[in-house]
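These are my notebook entries on one structure. I looked up its pocket lining, its strand pairing and its salt bridges.

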Amino acid sequence: MDERLIGLWSDRMLYPSDVESAELAFRGDGSGWLYWSSWSTEFTVSRYTWAAFAPGALALKFHRTVNGTWSVEDGVTRHDVESDEPEESVIEVGYEIAPGEDPFGAPVTLLSLDRPLDDHLAGSRFAWVDKPDSLNDPSVDAPRRGPSSPH
């Protein structure tokens, strides 16, 4: 496991005017999630387990996809889950972690994948989030429509 990956990575600071953004979270226990959201208030969370067995090689095994809408109420982002489904897919990508800059010239640590995560609506470049609020999936405690689904 490459411990440099552990934490939150976001493309928001690299593409500040985009109408969509994506974040990757890597936890020390080998779990993680990919969060995609758009200004249209839609979101998707794809949960996975991850491993970096060889230098520069990353495997993501996706096991659950959660979709819904988000809103902001009293300054707090709220997620409402409309779909919570199992998923079975594995993506293997090459990666590099290196110093870089955001569009304004500020230094950032970059995670660059050798190809975009198109099937999960994400690109290939992410910046390290220095002090994330949490490494919890943003939808984990969100209300769900209909019968409860397993997290």
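I sorted the lining of the largest pocket by class and found eleven nonpolar, seven polar and five charged residues. For this I took Ala, Val, Leu, Ile, Met, Phe, Trp, Tyr, Cys and Pro as nonpolar, Asp, Glu, Lys and Arg as charged, and the others, Gly among them, as polar. The model is predicted, with local features needing pLDDT of at least 70 and side-chain atom pairs counting only at pLDDT 80 or more, while totals for chains, interfaces and linings use all residues. Residues are numbered from 1 along each chain as its sequence is written, and side-chain values use heavy atoms, with hydrogens and water left out.

I then noted the pocket itself, whose volume is about 670 Å³. A pocket here is an open set of points on a 1 Å grid over the protein atoms alone, where a 1.4 Å probe fits, with protein on both sides within 12 Å along at least five of seven lines; lining residues have an atom within 4 Å of a point. The volume is the space filled by probe spheres set on the points, which are joined across faces, edges and corners. Of the 23 lining residues, Arg12, Glu23, Tyr35, Thr77 and Pro138 lie nearest the centre.

Which strand gives the largest share of the lining? I found that S3 does, with four residues. Strands S2 (20–26), S3 (31–38) and S6 (76–101) each supply at least two. Strands are DSSP runs (E, at least two residues), numbered from the N terminus.

Next I looked up the pairing of S8 (residues 125–128), where two strands pair if DSSP finds at least two bridges between them. S1 (residues 7–10) runs antiparallel to S8, joined by two bridges, and Trp9 has Trp128 as its bridge partner. S7 (residues 107–113) also pairs with S8 in the antiparallel sense, over three bridges; here Leu110 is partnered by Ala127.

I counted seven salt bridges, each a side-chain nitrogen of Lys or Arg within 4 Å of a carboxyl oxygen of Asp or Glu. Glu23 and Arg12 form one at 3.9 Å, N to O. This pair links distant parts of the chain, Glu23 in S2 and Arg12 in the loop between S1 and S2, eleven residues apart. Glu23 counts as buried because its relative accessibility is 12%, whereas Arg12, at 42%, is partly exposed. Buried means under 20% relative accessible area, exposed over 50%, and partly exposed in between (1.4 Å probe, protein chains only).
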